[in-house]
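Please walk through this structure step by step, beginning with a single position and widening the view from there.

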Amino acid sequence: MNKSFYVTTPIYYVNDRPHIGHAYSTVAADVLARYARLRGRPTRFLTGTDEHGQKIEDRAKELGKDPQAFVDEMSPPFRQAFEELDCSFDDYIRTTEPRHERKVADLWKILEARGDIYLGSYEGWYAVADEAYITELEYRDMSDEEKAKRKVERKQEESYFFRLSKYTQPLLDFYEKNPTFVQPEGRFNEVKAFVREGLQDLSISRTSFRWGIPVPGNDAHVIYVWLDALTNYISALGGPAAPGESELFDRFWAPNAEVVHIVGKDILRFHAVYWPAFLLSAGIAPPTQIWAHGWLTINGEKMSKRSGNFIPPGPLVEAFGADVLRYYLMREVGFGQDGDFAHRNLLARYNGELANGLGNLLNRMVRSIVRRSFGGLVPTPANREPEDEALIAAAQKAAQESARHLDAIAPHRSLDAVWELVAAANRYVDQTAPWALAKEGKTERLGQVAYTVLESLRWLSVLIAPFMPAKSVALRAQLGLGPLEPEEGRDAWPAAWGELTPGTPTAPGEPLFPRIDAKQEKALLARLGVGTAGAAAPGAPAKKSKQKSTNEPPKEGTIPFDRFLDVELKVGLILAAEAVPKSDKLVKLSVDLGEPGPRQILAGIRPHYAPEALVGQRVVVVANLAPRKIMGLTSEGMVLAASDTEHGLSVLSLDKAIAPGTRVS
RNA sequence: GGGCCCAUAGCUCAAUGGUUAGAGCCGCCGGCUCAUAACCGGCUCGUUCCUGGUUCGAGUCCAGGUGGGCCUACCA
């Protein structure tokens, strides 16, 4: 278990402000890092920002700023947000730092020396927002809104390519040998399926903008942002580097090190396919594991700036404290699954689990029982009764299980296991009824009972430490203990019962988690700008719903009327039709939509209709569909049709001569 | 079109092929009173999506179907 541990978050693109999703990834990585340190493992935790690319260049220009000045302004809020969240990163890398840029160039030269880089040219649809070309199909399947949002444009440029195709088989072999390389497993299946289809060479340079790392030996090109960005994971360690050249690289990117990249499911392919391919080419071992977590919705709705549920972590930290937010994020959502961030649920968990559960346990014992009966000193344990043994067993089980789940990167399960102990301890207090023992003057037994609970609390202070570092310190302070001080090589996870020293003065203090009553709750929610409508009821969290809220929340599976109106259906008169050469299905139609000129629309109806039979037909056309290019031809709309296996396909047509261009409703 | 994943209580989720399918939350009833209107106990709610199959035994394995999510592809 003394393998060194290197955990990373994605580096965050600075064309955005920090939000709860960034917080989620980073907190998860922090929990793993803090846990590893407690276990005595040499640990390194990296986060940072991704600062190159066209989007940044454009945005800076819009603002009339130098790109460097712009990113210098945008990066610190991330760092600050993570500091506020008590994230214990050892390094914060920015891709505009010289230490990084140098290493990206080094990696490029290595790939080039391997013969895996060549100069070619590339034409396709380019999504400026993603800094990536998208396939013809992706383009076609994308809504207009989406295209505008992602700034998709046609582009041709000279480009360097990485021989990704060469790595199809090596990657498949690598996956075979590393069956837990990608987690969760379902995501790994998707990755494998993608690679199995065969990989295309990857364009890894751009000439269309300047804000990037220049290609070594050809200043006309800058290096593709993903090659740039992914390299951060090693550049921050001083890699690529020959053995002995960089101590960090030797230590944390070594055969005996465990390297875990925490990523969002949206960037899995870059991490699970491109990144290991680059590394294989460079003769560097790929990471141990890529963990793809899911997305958070906010009170049941997709997070977006427009709908006002773009949640920055700052106000939440202010309202609840970093630890509570961290706890909620890690407790509520199964890691790897999508989940919902619901303010109501946060409050429910706060009161139910933190205040009533752990907070009250500490309070009833330290501030009341120990203070009154033992003058605030940790009592001396006496003979153990079976019920005491049961609680000790519960503590041991909680420690083992929570560790097991953290080892498996299942933080929510880990907390589940810890709260089993909280519940067991509260039950134990009820069963043993220390107040009755005090009344009966059974001091010895009372001492044993109190000690057992205090020692359980000490264990709990360690078990919660990865999740709630500040609360761990506060809890330990009340027990008369100093903060945990992890040391490499010393496993601090609780294992031995009875390390709490009798006679230690406890320090009863304010409640660890003061209960939030209904009135405060209302005020808090108002301050956070959360209405009652959007918040899920406790115990009945909203299932993720795609609807935007309107006056009356629409029923599941329905859309509001105005959404329907977004689709412009019109009567179209087919003026001409011909089969598209080299296509089995496509028919090229010329359709009158009552506009100055006819539209060219492609339809996959060849097997069911002879082209000439279509001429003169009045059909229903989606008139405001984004144009799509299919087999080199542009289609400016869509003809509605229905099909089943029995009858084949049937085009919707009108039985009266309604004028072309008439709106269908 | 191809593929992957999922479906268990009102909600969120557990259950190496092996008793009577569990836990938390919500709800109801009761107890206790050291404690933060906290804590503890009890109760209600299940055709484990459907139909078949394998097996001594299926929530679990297999086939098909239904519903949902996702990946992928020259279906608008």
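This is a predicted model: local features need pLDDT of at least 70, side-chain atom pairs count only at pLDDT 80 or more; totals for chains, interfaces and linings use all residues.

I409 is placed in the loop that runs between helix α16, residues 386–407, and helix α17.

D86 belongs to the loop between α3 (67–84) and β4 (91–94). With a relative accessibility of 30%, D86 counts as partly exposed, because its value lies between the 20% and 50% limits.

Helix α17 itself spans residues 411–432, and T432 has its place in it. T432 has a relative accessible area of 7% and is therefore buried. A polar atom of the T432 side chain lies 2.7 Å from the backbone oxygen of Y428, a separation within the 3.5 Å limit used for a polar contact. When neighbours within four places in sequence are left aside, the residues in contact with T432 are E387, L437, R445 and V449.

The chain as a whole gives these local details their setting. Chain A contains 23 helices and 26 strands, and of its 665 residues, 53% are buried. Among the contacts in chain A between residues at least 6 apart in sequence, 74% join residues that are at least 24 apart. The accessible surface of the chain comes to about 29,800 Å², and carbon and sulfur atoms account for 50% of that area.

Where does the largest nonpolar core draw its largest share of residues? This core holds 110 residues, among which W419 and L457 touch the most other members. Helix α15, which covers residues 343–374, supplies the largest share of the core, with 13 residues. The core lies between domain 1 (4–293) and domain 2 (343–555), because both domains give residues to it. L457, not counting residues up to four places away in sequence, touches L358, L361, L362, L475 and L479.

One open sheet consists of three strands in the order β16-β15-β17, and its pairing is mixed. The edge strands of this sheet are β16 (301–302) and β17 (339–341), each of which pairs on one side only. Strand β15, residues 296–298, pairs with β17 in the parallel sense over three bridges. Within the sheet, T297 stands opposite D340 in β17.

The bond from Q183 to P184 is cis, with omega near -10°, and P184 is found in the loop between β8 (182–183) and α8. The bond from G239 to P240 is likewise cis, with omega near 0°, and P240 is found in the loop between α10 (232–235) and α11 (247–252).

Helix α8 covers residues 185–196, and G186 lies in it. The relative accessible area of G186 is 44%, so G186 is partly exposed. Between the C-alpha atoms of G186 and G447, which are 261 residues apart along the chain, the separation is 52 Å.

A second pair of residues can be set beside that one. D266 is found in the loop between β13 (258–264) and α12 (268–282), and with a relative accessible area of 46% it is partly exposed. The C-alpha atoms of D266 and A292 are separated by 8.3 Å, while the two residues are 26 places apart along the chain.

Definitions and conventions:
Residues are numbered from 1 along each chain as its sequence is written. Chains are lettered from A and ligands numbered from 1 in the order in which they are written. Side-chain values use heavy atoms; hydrogens and water are left out. Helices (H or I, at least four residues) and strands (E, at least two) are DSSP runs, numbered from the N terminus. Buried means under 20% relative accessible area, exposed over 50%, partly exposed in between (1.4 Å probe, protein chains only). A polar contact is a pair of N or O atoms within 3.5 Å; within protein, one must be able to donate a hydrogen and the other to accept it, and residues adjacent in sequence count only if both atoms are side-chain atoms. Contact means heavy atoms within 4.5 Å. Accessible areas come from the Shrake-Rupley method with a 1.4 Å probe; for residues, only the protein chains shown count as cover. Two strands pair if DSSP finds at least two bridges between them. A nonpolar core is a set of buried Ala, Val, Leu, Ile, Met, Phe, Trp, Tyr and Cys residues joined through side-chain atoms within 4.5 Å. Domain bounds come from an automatic or database domain assignment.
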